[in-house]
Amino acid sequence: MSDSQSLRQAALNYHEFPRPGKLEIRATKPMANGRDLARAYSPGVAEACVEIKADEANAARYTSRGNLVAVVSNGSAVLGLGNIGALASKPVMEGKAVLFKNFAGIDCFDLEVNESDPEKLADIVCSLEPTFGAINLEDIKAPDCFVVEKLCRERMNIPVFHDDQHGTAIVVGAAAKNALHVAGKSFEDIKIVSTGGGAAGIACLNMLVKLGVKRENIWLCDIHGLVYEGREEDMNPQKAAFAQASDLRTLDEVMDGADMFLGLSGPNVLKPEMVAKMTKRPIIFALANPTPEIMPDQARKVAPDAIIATGRSDFPNQVNNVLCFPFIFRGALDVGATEINDEMQIACVDGIAELARATTSAEAAAAYKGEQLTFGADYLIPKPFDPRLVAVVSSAVAKAAMESGVATRPIEDITAYKQKLNQTVFKSALLMRPVFEAARAAARRIVFSEGEDERVLRAAQAILEETTETPILIGRPEVIERRCEKLGLDVRPGRDFQLVNPENDPRYYDYWNSYHKLMQRQGVTPDLAKAIMRTNTTAIGAIMVHRGEADSLICGTFGEYRWHLNYVQQVLGGGTYSPHGALSMMILEDGPLFIADTHVHVEPTPEQIAETVMGAARHVRRFGLAPKIAMCSQSQFGNISCDTGSRLRAAIEILDDKRRDFVYEGEMNIDTALDPDLRERIFPNSRLDGAANVLIFAHADAASGVRNILKMRAGGLEVGPILMGMGNRAHIVSPSITARGLLNMAAIAGTPVAHYG
C-alpha cells in the first residue's frame, strides 16, 4: 500500500471507528432520579421558560445558547473539493465543530443545508437565531457567501461570521503585520499583488486596507488577468472595488516592484521569474492548497531572503483559520456581542501577531517537537496548539467588543476574565492561584539541579514572568546559552538568573568542603566529596540550600526518585527536617484529589503514616482547601485482618492522641472514601462528611498505582509530588513533569508552609 493509500485508509478509519463521526451530545446536569427529572423537564423546566419569556437575556443564564455556535454550510465551496453538496460536506463541518470545542470550549452544531439560493439560505439561517449564540458560515461559494452574510448580519442580533472570508483575512493580517516587522517595511508604503478574487481573497484585501495599505497600491488579478477599470468579464462589486486604472493586463506585468504577493488562487500561478521582479526581502503568501502558487524552494532560488507563508502544515508559517475562529467566537460569546465588527477583528489580528513575538510556550514546543519556534521569517504566527491563544486573543476581542459598544454582557474585570480563560487550558491554574499569590510575596531563591533541561529553561523564563522568585540553574554556561537561543527564550544566564557551573565554579572549594564536613563520618573522603561536587547536581543544589545560597531545591526531571532523596536527606535532613512522604495533587474533571505517600516510604510505620497525614493536611490548606482525609486499605473499619489495615488503625490511634483541626477517617476502601452514600450504609458514625479529597495509603505501591492510573487513564493532571517534612527546602519531581508542572512546583517551593497539629 502506498503512503497516500495508507493515509486515506487511516483517515477513513478515524472517521468510522470506534463509532461513526467526530461528535456526540452529552448532558451537563444529572438525570439519576425523579427529582432530577422534575427539575430538568416537567414541571420544573417551565420556570426557566417563564424567566426567558420575561427577559430574553435570561436565555444565556438558563440554557446553553450563550456557548452554542452553528456551523452552517451548503457545501458549495469546500476547500480543495469544490461544490460537493451539503451531505458530503458534513465531515468538514463536524471537524469544524470539534475545533470549536477543543480549542475554545465552545459547543457547536454542524448544520448542512440543501439550499443553493443565497437569499433562501439566509432566510433559513436567520430563523435559527433563537437556538444559537452565534453563526459560523462555512464553505459557501462566492459571490453567494457575500449575499448570505450581508442579509444575516442585517437581520440577526447575534454574531454572523463567514470564516472563509474573515478568518483567513485575520490570520493573513497577523502574518503580514509580523512579516513587515521582520522585513522593516510598513503597510502604508508597500505594493501588493494578489491572485484570487474569491471570498477569502477579497476579505484579505479589505483587511489589509483596514491595517493601513493604500487601496491604490493593491493590484488584484484573477484567472482573466488584472482587475481593471472598465473590465466586464467575470466581475462583481467586490472585485470592482479594487479595479486599477491601468493598461497593464497580466500578472507578470504587475509584479514589477511588488513588496508582497498574496495568493489565494491555484497551483503554480506565480513563476520564479515573477518573484525576481519583486523588491528586496519580498513577502510571499502562497496560500493555495494543497499546491501553493509557488513552492517555497522555487521562490528562494531567485529570492533567498524571501519571507514565505503557505497554507500547508509541512512548511513554516502555515496560515490556518484555527488561529482565529475559536477565539474570536469565544470573546464574542462571553460578552454577548451582537456582531463581530472591524474593531474585534483587528484586535484579533493584533493578539495573534503579538503572541508570535512573545516567547514560545512550552506546550506549543512540545506539540511541535523539532521545529524552530523563534519569532522571525520562519515563525510569523503562533502554532494552533499554543495554549495561550484562548486567553490572549479572546480577551482582546472581548475588550474590543465592549469598547466599540456591541457587548450586551460587558465584563467588569478583563484581567480576571483572562485568568479564567487560562484556567480552561491550564487545569492547575485555578487551584494554584492561592499558591502563586503567596509566592509573589515571598521572593525566594529556587535552585534547579537539572538546569540544562529544556523544561527547566522554559520554567525559569515563566518564573521570572509570573512570580517574584529568583531561579538558580546548575549547568554548563555554554550549553544553557545555546539552548536558550535555540528555544527562542529571552532569558540568559548571568543576566536574568544565577548559574552554577559544576565544571568550573569559584565556589567549588567551599561546596566540597561543606559536603565533606557533613558526610566525613559516613565514609565520604575528600576525594569523593570533590568528585560528587563536580558531577552530582542534586548534591550541589542541596549544599547551596544548606549554605543559605538558595531557599529551595527542585530536582528529579530525570533519574529515580529515591536516588535524589538520598542526597536530599544526607544534606538537608536531620534536626526538625525529615521526609514525611510525597503528596501528589491529581486534578480531575470533578475536582482535585490528593494521594500520599507515593514515593518516600514503601511500607510506612504507623508513626510515619501519622506524619504523612499531618503533612498532607498542612499542604492541602495551601491550596485554599479544607482537608478531608481517608486512610485507605483493603480492610474496611476492621472487617479484615491485614497488615495495611493494622498499621492504619495504629496511625489513627496516634492521631487521636491529640486534638487535630482537620478531618480524617479510616481504614476504608477507596470507593467508601469517595462515595458518602456507601460510607453511610457501611459506617453511619463516620467522622468524614462528604467525599474525601485526600487518600492516604499504607503501601507506596498502592499510592503510586492509584496516582498513575488517574494520570494515564482518567486524564488527571498531577501537581507534585510535594516532598513533605522538609520545610519546603527541597522537592523531587518525576521525569514526566512538564515545564508548567515545574512552574507550579517553583510556586509551591516559594511559599511558606503553615504548621498545624
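T360 lies in the loop between α15 (342–357) and α16 (362–367). Helices (H or I, at least four residues) and strands (E, at least two) are DSSP runs, numbered from the N terminus. The model is predicted: local features need pLDDT of at least 70, side-chain atom pairs count only at pLDDT 80 or more, and totals for chains, interfaces and linings use all residues. Residues are numbered from 1 along each chain as its sequence is written, and side-chain values use heavy atoms, with hydrogens and water left out.

T360 is buried, with a relative accessible area of 4%. Here buried means under 20% relative accessible area, exposed means over 50%, and partly exposed lies in between (1.4 Å probe, protein chains only). From T360 to L717 the sequence separation is 357 residues, and the C-alpha to C-alpha distance is 22 Å. V269 also sits in a loop, placed between β8 (260–263) and α12 (272–275). V269 is partly exposed, at a relative accessible area of 28%. Its C-alpha atom is separated by 63 Å from that of A542, 273 residues apart along the chain.

The strands come next. Strands of a sheet pair through backbone hydrogen bonds, either parallel or antiparallel. Two strands are counted as paired if DSSP finds at least two bridges between them.

A70 faces I135 of β3 as its opposite residue.

A second open sheet has five strands in the order β13-β12-β11-β14-β21, and the pairing is again parallel. Its edge strands, β13 (498–500) and β21 (730–732), each pair on one side only. Neighbouring strands are turned by 20° against each other on average, direction ignored. Four bridges link β11 (residues 445–448) to β12 (residues 470–474) in the parallel sense. V447 has I472 in β12 as its bridge partner.

Strand β10 (residues 307–310) is buried on both faces. I307 and A309 point one way, I308 and T310 point the other way, and all are buried. Strand β9 (residues 283–286) runs parallel to β10, joined by four bridges. In this pair, A286 stands opposite T310.

Strand β15 (residues 581–588) has eight of its eight residues buried, so it is largely enclosed by the rest of the structure. On one side are G581, L583, M585 and I587; on the other are A582, S584, M586 and L588. β15 runs antiparallel to β20 (residues 717–724), with six bridges between them. M585 has F594 in β16 as its bridge partner. With two residues between them, β15 and β16 form a hairpin.

Empty space was examined too. Rolling a probe the size of a water molecule over the atoms shows where empty space is left. A cavity is a set of points, on a 1 Å grid over the protein atoms alone, where a 1.4 Å probe fits but cannot get out; lining residues have an atom within 4 Å of a point. Grid points are joined across faces, edges and corners, and a volume is the space filled by probe spheres set on the points. The structure holds one cavity of 30 Å³ or more. The largest cavity has a volume of about 50 Å³. Its lining consists of V500, N501, P502, D505, Y508, Y511, M533, R534 and I540. By class, six of these are nonpolar, one is polar and two are charged. Ala, Val, Leu, Ile, Met, Phe, Trp, Tyr, Cys and Pro count as nonpolar, Asp, Glu, Lys and Arg as charged, and the others, Gly among them, as polar.

Helices α22 (508–519) and α23 (526–535) each supply at least two residues of this lining. In α23, the buried residues are A529, I532 and M533. They cover an arc of only 95° around the axis, which puts them on the same side of α23. The arc is that of the directions from the helix axis to the C-beta atoms. D527 and T535 are exposed on the other side of α23.

Key
On a 1 Å grid over the protein atoms alone, a cavity is a set of points where a 1.4 Å probe fits but cannot get out, and a pocket is an open set with protein on both sides within 12 Å along at least five of seven lines; lining residues have an atom within 4 Å of a point. Axes are lines fitted to C-alpha atoms, for helices over the stretch in contact, and angles run from 0 to 180 degrees between N-to-C directions.
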